[in-house]
Amino acid sequence: MTFRSSALAALAGVLALAACSQAPAHRAHRGIGEGSPAFTRLLADADKAMADGALADAGRMLDEARGLAPESPDLWLAIARLRLRGGEHLTALEAADRALAFGPAHAPALRLRALMVRDAHGAADSLVWFEAALKADPGDPDTLADYAATLGDAGEARASLKAARALAEAAPEDPRALYLQAVIAARGGQFSIARSLLSKSGMAARGVPAALLLDAAISLEEGNADSAASSLETLVARQPANARARELLARAMFDGRRDAELVRRFAPEASLPEPSPYLLMLVARAHERLGDRAAAAPLLARAYAPARAVPVLLGLRDNMPPPTNAIRKMLWSGNVAGAQAEATALRTRFPASADVAALAGDALLGAGDPRAALTAYALASEARRPWPITRKAAWTFARHGNPAAAEMLLARQVAGETENASALAALAERQAARGDWRRTALLLDHALGLRAGHDPALLDLRLRAARELGNIGEAERFAALLAELRPRSLAAR
């Protein structure tokens with residue numbers, strides 16, 4: 001039997017996240033040039049230059065504007081945006097804080113800070129910032145859209161719907177209002193309504209990535225595999241590193257019985273150390289339906305094997321950033337010293353980039369330097385804390401003598417990203433390791449509620465929790481589910 005990854009699991013990443021604390025309360029200052037025609041023109045020209053990709057030109061214009069009004073919140077907001085566009089995530093945080101120091105109730109700066117906080121701390125922590133931005137400007141469409149999305153990621157569906165409807169009232173022509181309501185409907189299993197809302201928004205037709213993913217998820221739930229594959233082909237071509245999109249594309253091909261195409265496209269990836277058990281299973285089942293059981297058997301064995309205890313080196317991919325492929329190539333060839341040197345050089349050239357810090361952490365971990373890797377991951381997390389960074393940092397802490405730090409990182413991730421089934425399962429494993437089976441069961445039940453029941457490892461751990469807690473009925477139910485997922489040939493071993 002095929003254990004199916006629900007398309008709705010992809011929706012956990014469709015909406016944005018958000019993050020933390022309270023806005024600074026400094027006295028506002030104004031420069032003598034703020035509001036002057038020259039200052040206003042410089043900011044407008046800098047904004048246009050940024051939109052055109054002329055970041056150096058934008059920087060020169062903002063330097064000139066700074067001479068006119070050095071304490072303008074609009075100026076520092078523009079500087080923060082420029083730094084973000086240039087990949088200077090850490091100094092962008094400083095600029096956003098300066099904007100708020102000079103204008104504590106400056107709504108655009110509050111919104112940008114909210115977006116930054118959610119990237120670093122998660123949805124729940126960022127809500128206070130979005131609420132401050134809305135208090136300063138209640139009808140701002142961008143803030144309402146981000147607030148609705150963040151509430152959705154925090155698991156507050158009703159509040160998210162209320163914010164989406166407020167957006168529709170404030171900006172009736174804004175397609176995001178319909179899109180956000182489509183996501184909420186899909187998460188609630190109302191796929192016909194979700195399809196209608198998404199179609200009316202027009203965002204999938206325009207090729208917006210999140211809307212393409214939602215369109216594919218709805219199509220899969222409705223049994224329209226070919227339509228889902230079409231949307232996912234477009235998305236994967238634009239985002240080759242998007243593992244979720246690739247897995248959903250493989251599922252769409254499988255559901256559409258395009259087995260030969262699935263094998264041709266994904267068998268090379270399945271031969272690498274990195275693919276998920278789900279992708280391995282899909283490729284194996286496609287081989288079986290083509291009559292090639294010899295090719296399917298080792299893939300099935302890998303898919304249902306216990307989770308790997310060590311990280312694996314990811315393969316090279318077309319359209320990935322050159323530094324990423326360069327470091328991976330060095331590690332693949334055993335050139336550890338070269339990978340370390342390249343990571344150090346990148347950190348020197350781009351000291352304010354969270355992306356470079358995360359890449360350096362990967363290189364250092366692959367080169368066998370966990371302490372330096374953790375330092376790099378910590379720096380990256382000041383601006384961005386996506387699940388992959390937390391997972392790698394937690395693994396490193398756990399394997400190198402600090403399981404408490406690993407558990408703390410995972411607990412923070414779950415608190416900020418309540419819809420992340422993988423994070424819930426990882427934290428459950430830590431709870432099980434120290435014998436807290438009640439919390440293990442609660443975390444896994446939440447993950448199962450997010451449709452993660454296709455994962456044999458998760459079900460196996462939930463079965464153990466039921467047995468440890470003495471819940472015979474639950475143990476029998478999870479044992480039956482696990483037996484249903486595992487092929488007989490593997491279960492008999």
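I started at helix α10, whose buried residues pack against α9 (175-187) and α11 (209-221); contact here means heavy atoms within 4.5 Å. Helices are DSSP runs of H or I, at least four residues long, numbered from the N terminus.

A note on the source: this is a predicted model, where local features need pLDDT of at least 70, side-chain atom pairs count only at pLDDT 80 or more, and totals for chains, interfaces and linings use all residues. Residues are numbered from 1 along each chain as its sequence is written, and side-chain values use heavy atoms, with hydrogens and water left out.

Back to α10 (residues 191-201): I found F191, A194, L197, L198 and S201 buried. They sit on the same side of α10 because they cover an arc of only 125° around the axis, taken from the directions from the helix axis to the C-beta atoms. On the face turned away from that buried side I noted the exposed residues S192, S199 and K200. Buried is under 20% relative accessible area, exposed over 50%, partly exposed in between (1.4 Å probe, protein chains only). Just after α10, G202 has a positive phi of about 75°.

Next I looked up α17 (residues 322-332) and α19 (residues 354-366), which pack at an angle of about 0° with axes 11 Å apart. The contact uses P323, T324, I327 and L331 of α17, and L359, A363 and G366 of α19.

Last, the overall view: I see 27 helices and 0 strands in the protein. Of its 493 residues, 48% count as buried.

Notes:
Helix = DSSP H or I, 4+ residues; strand = E, 2+ residues; numbered from the N terminus. Axes fitted to C-alpha atoms, helices over the stretch in contact; angles between N-to-C directions.
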